[in-house]
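Visitor: Hi, I'm new to this one. Could you walk me through it?

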Amino acid sequence: TSLAELEVLCNQLYEGTDLAQRMQAEKVLLELIDSPACLSQCQLLLEQGTTSYAQLLAATCLSKLVSRTTPLPIEQRIDIRNYILNYVASQPKLAPFVIQALVQVIAKITKLGWFEVQKDQLIFRDIIGDVKKFLQGTVDHYIIGVMILSELTQEMNLVDYSRPSAKHRKIATSFRDTSLKDILMLACSLLKELLAKPLNLQDQQQQSLAMHLLKLVLNCLNFDFIGNSADESADDLCTVQIPTNWRTIFLEPETLDLFFDLYHSFPPVLSQLALSCLVQFASTRRSLFSNPERAKYLGNLIKGVKRILENPQGLSDPGNYHEFCRFLARLKTNYQLGELVMVKNYPEVIRLIANFTITSLQHWEFAPNSVHYLLTLWQRMVASVPFVKSTEPHFLDTYAPEITKAYITSRLESVPVVVRDGLEDPLDDIATVFQQLEQLCTVSRCEYEKTCALLVQLFDQNAQNYQKLLHSSSRNPLEITVQEGCLAWLVYLVGTVVGGRLTYTSTDEHDAMDGELSCRVFQLISLMDAQLPRSSNEKVELAILWFLDQFRKTYVGDQLQRTSKVYARMSEVLGITDDNHVLETFMGKIVTNLKCWGRCEPVISRTLQFLNDLSVGYPLYYTLQLVKIDAVKFMLQNHTSKHFPFLGVNDNYSLSDLRCRTTFYTALTRLLMVDLGEDEDEFENFMLPLTVSFETVTQIFNNRFKQEEAKRMLIGLARDLRGIAFALNTKTSYTMLFDWIYSAYLPILQRAIELWYREAACTTPILKLMAELLQNRSQRLNFDVSSPNGILLFREASKMICTYAHISYFLSMFLFQQYRKLSQSYYPLLECLTQDHMSFITSLEPHVLMYILTSISEGLTALDTIVSSSCCASLDYIVTYLFKHIAKEGKKTLRCREISQDGQRLLHFMQQNPEVLQQMMSILMNTIIFEDCRNQWSVSRPLLGLILLNEKYFSEVRASLINSQPDNKREVLNQCFRNLMEGVEQNLLVKNRDRFTQNMSVFRRDMADALRCEGSPEASNLDMMS
């Protein structure tokens, strides 16, 4: 391909708008990577290309080339590295994305060749020396040098899951121990030099240099020091495991001062990076310091916080603001309240942090995701109060109520703005709201009297305004919506503080305050329900359900709470004297919602979840109390769409809305079970609505039926029955269901599978129902010896599986590789087939058999141990079957003839495709020798059979490995292989297998010792195994 053609393809790939053109260009350029002329073409693009995209393509090709599992020769990689270093040194004005791509190639070469030796030198480790040459050049060269170090640090920390994890950790650990500290010290010294010079914020080169230096420091501090990467979702729990030999850097006050100075000196795009570094400094592990050193270090951090809060101009930038909030949260994560109060400036700093938090909460629309970190700080501070032994004041009793008040008032003030200006409502992001409320519940319980008084005042005020608006002759919908929004927030907040009783030390006075607040919510429930179905507000209903659930967790069901002061005020106002009366209120609310909110899936779903939680039945006495309530009796006797519209199956409901029916029937059946016993008549009465529905479906099937109506009814019935089956955990009750469904209605479900096998919306609920019926939970399937039910159930399940399998398409292999749950079901199925049904396996078409063996081969390298072990077992069964056939081939007894024919087909296939088993032997040997093998026993079982079946290939593998090592190691490795087969006989008896497994364990350890030395040419070893 000529240069002009390549440049045209580059433009089509990176700038083209025609999808077909781009795909064709990508296809041609991918072929370039595999062509022998790839390197010369890349060189041509770099040296003579007229566009940046041509240079980017060259860098991308080189990156893929040096990242191959089968590496290039060491001399070629050295040449590529040196060429790129000289190229970027001679052309420092290249486009930034081109330099970044080329630097990435250097980083990959360095990482993958970290332990490689040429002429007794670790040839790829002199990168820091190369970088120092760049630091002596122009500013552009300076920037490229820093980019190389930054990219190298990031690359060393990057896990490549296509390569052995043990090798990655070995390289990363060596880099950490030999180079990382020097890189960090170099970066810090360069930042000091930069800060000492007059700063010109308009100079783009200076800004770029500062940015890359800060990114370099951040990459150093983000390094995975101990091979245990923190989950990013648990950001606030992170501790940075700084190596002990870095102590001197962290003990110098100048280090922290440098980054605080950088924050104050740089514009926001750079100061944000300085704060990110400070977040990591604040997260340093506690054990790095002695107690006096830690106090001094914390004092420097607090001094820096004080300085930032006294000069808060930079915090107006969202990036700076977010990082500073993270910084504050990390302070409490890694330091105890007792340590914080001992810091010199603590009283002033806690006041500044409190004011900052209050201001942040008041500006609710600004950076809402950052509030989480501020609330985390205050939640942990307040939770620590009971454990503080210091006599120094912590001032939380002063500031925590102010934080709570700021949150409450700011949320109420947001409502009119959201409604009138059409802004995004924070209540729509319910996950964030719940997270914040969970944090607030602890903070709100500090000086609870103040919080409670505020909530009572605001609730009364808003409730009165709401009632006035409802009774006003000119009802203003906008004002009503505003008041309902405020009431929704207040109900959420009352539920939060009531739920906070479980997280904080409480008194009788606090319980009485909870009663005051709860009275108001229960009164609001009556007011809202009285308006149904004429008018309603979804957000208020969802808030009420949140409150009811918090009240249930706190004050219902616990024997100690039955005399709680919470009921004193509720008895006076509402006549609710104990938790039995509360349960009646709960069930009345549930029935009302199910009747009146049938078209609102969020309310129905949350209501049913609340009903489900109530029905679980712990403690038992309140479940017994539940079934005596009239509302429960009504539901048990009238669970039809006439009374509960959400059970309807008309076109107004989407198929996904029917999912909540399973939860409904699970809860309802649990309540039925309380008094059911062996009363078959009561069970029949309960099942009557479902019986009617099934009879209707039967009639539709027998006539020229309306397909869509029948399908929707069956989907609903399948979900209903699955909920019922899930709750029937006794043998007696399950038998009632089996007798009801078996002869009359299972054939209808079979018919549905035949008709709608292509429609997952229909088949999935039916198959899930069948799976639930087959669950032997609590031994419920242990039918009497004389009962045929077990056989009948198995027959129906088998029939349904066969019906579905024969008329459905087989999933393609890539699905099993992409989806973990699928692979964890597919490979155990293969294991079962190879264990007990090899005659079926051998009868398959050659291309299907090859497909199965290929999938096993790919599964052997899976990171999931469950999958890889299952593949090892499947391979062992296949190899054992083949080995036994070959051993018996000379015997032609009548009893073995049929088996011999099956084995002959498998033997013929293997003779036609010898590379299949050879490849799997290579994979297993590679796993044992070079990887972090966590299932040695599983790997050893098929490996012995593979060696006995392929002794010639095993000898080739052995010779290839030994010859790739230095002369002084070859005899040691030869002895390792001799020891591996010592005492192993030519059979697959259990005793012989166990001997091989023991040998293999020793072999793995001895090989690791033999290869464990700087300079072992591991790349060529892996090449041999590929």
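This is a predicted model: local features need pLDDT of at least 70, side-chain atom pairs count only at pLDDT 80 or more; totals for chains, interfaces and linings use all residues.

Visitor: Okay, and where is Ser778?

Guide: Ser778 is in the loop between helix 34 (760-773) and helix 35 (789-806). Helices (H or I, at least four residues) and strands (E, at least two) are DSSP runs, numbered from the N terminus. Ser778 also has a positive phi of about 55 degrees, although it is not a glycine.

Visitor: Why point that out?

Guide: Because most residues other than glycine have a negative phi. Phe395 is another residue with a positive value, its phi being near 65 degrees. Phe395 lies in the loop between helix 18 (371-384) and helix 19 (396-421), and at 27% relative accessibility it counts as partly exposed.

Visitor: Zooming out, how many helices and strands are there in the protein?

Guide: The protein has 47 helices and two strands. Its C-alpha trace spans about 95 × 95 × 60 Å along the principal axes.

Visitor: And what percentage of the residues is buried?

Guide: Of the 1026 residues, 52% are buried. The protein exposes about 47,100 Å², and carbon and sulfur atoms supply 52% of that area. Those accessible areas come from the Shrake-Rupley method with a 1.4 Å probe; for residues, only the protein chains shown count as cover.

Visitor: What about contacts along the chain?

Guide: Take contacts between residues at least 6 apart in sequence: 76% of them join residues at least 24 apart. Contact means heavy atoms within 4.5 Å.

Visitor: Switching to rings. How many aromatic pairs does the structure hold?

Guide: The structure holds 42 aromatic pairs. One of them is Phe522 with Phe551, an edge-to-face pair at 5.7 Å centre to centre and 85 degrees between the planes. Rings of Phe, Tyr and Trp (its six-membered ring) pair if their centres lie within 6.5 Å; planes under 30 degrees apart count as stacked, over 60 as edge-to-face and the rest as tilted.

Visitor: Which helices does that pair link?

Guide: Phe522 is in helix 23 (residues 508-531) and Phe551 in helix 24 (residues 538-555), 29 residues apart. Phe522 is buried at 4% relative accessible area, and Phe551 is buried too, at 0%.

Visitor: Why is the pair of Phe954 and Phe977 edge-to-face?

Guide: Because the planes of Phe954 and Phe977 sit at 65 degrees, with ring centres 6.1 Å apart. Phe954 lies in helix 44 (residues 951-963) and Phe977 in helix 45 (residues 967-980), so the pair ties together parts 23 residues apart in sequence.

Visitor: Which residues do ring pairs link into a cluster?

Guide: That cluster is made of Phe260, Tyr321, Phe324, Phe327, Phe356 and Phe366.

Visitor: Last one: where does the charged end of Arg445 sit?

Guide: Over the ring of Tyr448, 4.0 Å from its centre. The charged end of Lys170 sits over the ring of Phe115, 4.9 Å from the centre. A charge sits over a ring if NZ of Lys or CZ of Arg is within 6 Å of the ring centre and within 35 degrees of the ring normal.

Notes:
Residues are numbered from 1 along each chain as its sequence is written. Side-chain values use heavy atoms; hydrogens and water are left out. Buried means under 20% relative accessible area, exposed over 50%, partly exposed in between (1.4 Å probe, protein chains only).
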